[in-house]
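Dear colleague,

Please find below the sequence and structure that I am handing over to you. My account of what was found follows directly after.

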Amino acid sequence: MSSLGNSLFIVLALFCFFLTTSYGLPNVKPIDDVQPEQTVAVHNEIRAAVGVAPLVWNETVAAYAQNYANKLAKAGTCAYTDMRHSGGPYGENIAAGWVQPKDQMSGPIATKYWLTEKPNYDHATNKCKDVCGHYTQIVANQSFSLGCGSYRCHDNELIWIICDYYPMPVGDANTRPY
Ligand SMILES: *[C@@H]1O[C@H](CO)[C@@H](O)[C@H](O)[C@H]1NC(C)=O
Ligand SMILES: *[C@@H]1O[C@H](CO)[C@@H](O)[C@H](O)[C@H]1NC(C)=O
């Protein structure tokens, strides 16, 4: 009697584990979060709005961004406060967002999120009233191409997007993005 009870418990516990596993968020390939075509398209709409030539996708730069993303994933870098730039030869924008309760991050969504800094950029004085460096990177006419990578944290629920830009814009006070 008691042995039957024990084995029922074990079966139930295994079944619950199976349910959790099968109902948890599935693994997603980084490229499905990056969405290169749509990411380029959103960048180019934002650039066209201020008369800047379009960017193209750059596989070399994308491989660099994905390599950095893999490194951060392996190191378990998930907290906003732990995030650092890769310090490489490119301009770089980074964003994060949660999948739950609804899909709130991807390459195109990150790009639209950086666009929210546009009102902070004053073209007349070439100064930022508040954070605007992600926006000025998107519209920088010194960059011709970009590539992005991504990784997920917290059981696939937090998505990090990293976009790198080539060439890196000069980005000093005297150089305008356009
Ligand atoms: C892509 O990036 C590589 C490495 O930075 C660079 O040499 C190449 O010219 C770039 N290609 C385009 C189309 O921008
Ligand atoms: C970028 O914009 C600056 C400022 O308007 C301009 O002087 C420069 O020629 C532009 N460069 C390119 C590559 O369009």
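Trp98 belongs to strand E2. In this predicted model, the residue counts as partly exposed, because 14 C-beta neighbours lie inside 10 Å of Trp98. Once its neighbours within four places in sequence are left aside, Trp98 is in contact with Gln104, Glu157 and Leu158. Asn156 is 58 residues from Trp98 in sequence, yet the C-alpha atoms of the two are 8.9 Å apart in space.

The sheet

Strand E2 is part of an open sheet of 4 strands, in the order E1-E5-E6-E2, with mixed pairing. Its edges are strand E1 (56–57) and strand E2 (91–98), each of which pairs on one side only. E2 runs antiparallel to strand E6 (residues 158–166), and 8 bridges join the two. Within this pairing, Ala95 has Ile161 in E6 as its bridge partner. Helix H4 (residues 59–75) packs on the sheet and touches E1, strand E5 (145–153) and E6. The direction of H4 makes about 20 degrees with that of E5.

E5 and E6 are also antiparallel, joined by 9 bridges. Cys148 has Cys163 in E6 as its bridge partner. The two strands form a hairpin with 4 residues between them, and His154 in the turn has a positive phi of about 50 degrees. E1, by contrast, pairs with E5 in the parallel sense, over 2 bridges. Trp57 stands opposite Leu146 of E5 in the model. E5 is mostly covered, with 7 of its 9 residues buried.

Helix H4

The buried residues in H4 are Val61, Ala62, Tyr64, Ala65, Gln66, Tyr68, Ala69 and Leu72. Their cover includes H2, E1, E5 and E6. After H4 comes Gly76, which has a positive phi near 70 degrees.

Helix H3 (residues 36–48) has 13 residues. From its first C-alpha to its last, H3 reaches 18 Å, close to the 18 Å expected at 1.5 Å a residue. Thr39, Val40, Val42, His43 and Arg47 are buried in H3. Seen down the helix axis, the buried residues of H3 fall within an arc of 160 degrees, so they line one face of the helix. Exposed residues Glu37 and Ala48 are carried on the face of H3 turned away from its buried side. The buried residues of H3 are covered by elements that include helix H2 (30–34), E1, helix H5 (107–115), helix H6 (133–139) and E5.

In H5, the buried residues are Gly107, Ala110, Thr111 and Trp114. These residues cover an arc of only 100 degrees around the axis, which puts them on the same side of H5. They pack against H2, H3, E2, H6, E5 and E6.

The chain as a whole

The protein chain contains 6 helices and 6 strands. From the N terminus on, its elements follow the order α-α-α-β-α-β-α-β-β-α-β-β. Of its 178 residues, 31% are buried. Among contacts between residues at least 6 apart in sequence, 70% join residues at least 24 apart.

Confidence in the model

The pLDDT averages 89 over the protein chain, and 87% of the residues score at least 70.

Yours sincerely

Technical notes:
Residues are numbered from 1 along each chain as its sequence is written. Chains are lettered from A and ligands numbered from 1 in the order in which they are written. This is a predicted model: local features need pLDDT of at least 70, side-chain atom pairs count only at pLDDT 80 or more; totals for chains, interfaces and linings use all residues. Two strands pair if DSSP finds at least two bridges between them. Two residues are in contact if their C-beta atoms, placed from the backbone, lie within 7 Å. Axes are lines fitted to C-alpha atoms, for helices over the stretch in contact, and angles run from 0 to 180 degrees between N-to-C directions. The expected span of a helix is 1.5 Å times one less than its number of residues. A residue is buried if 20 or more other C-beta atoms lie within 10 Å of its own, exposed if 12 or fewer, and partly exposed in between; C-beta atoms are placed from the backbone. The arc is that of the directions from the helix axis to the C-beta atoms. pLDDT is the predictor's confidence in each residue, from 0 to 100.
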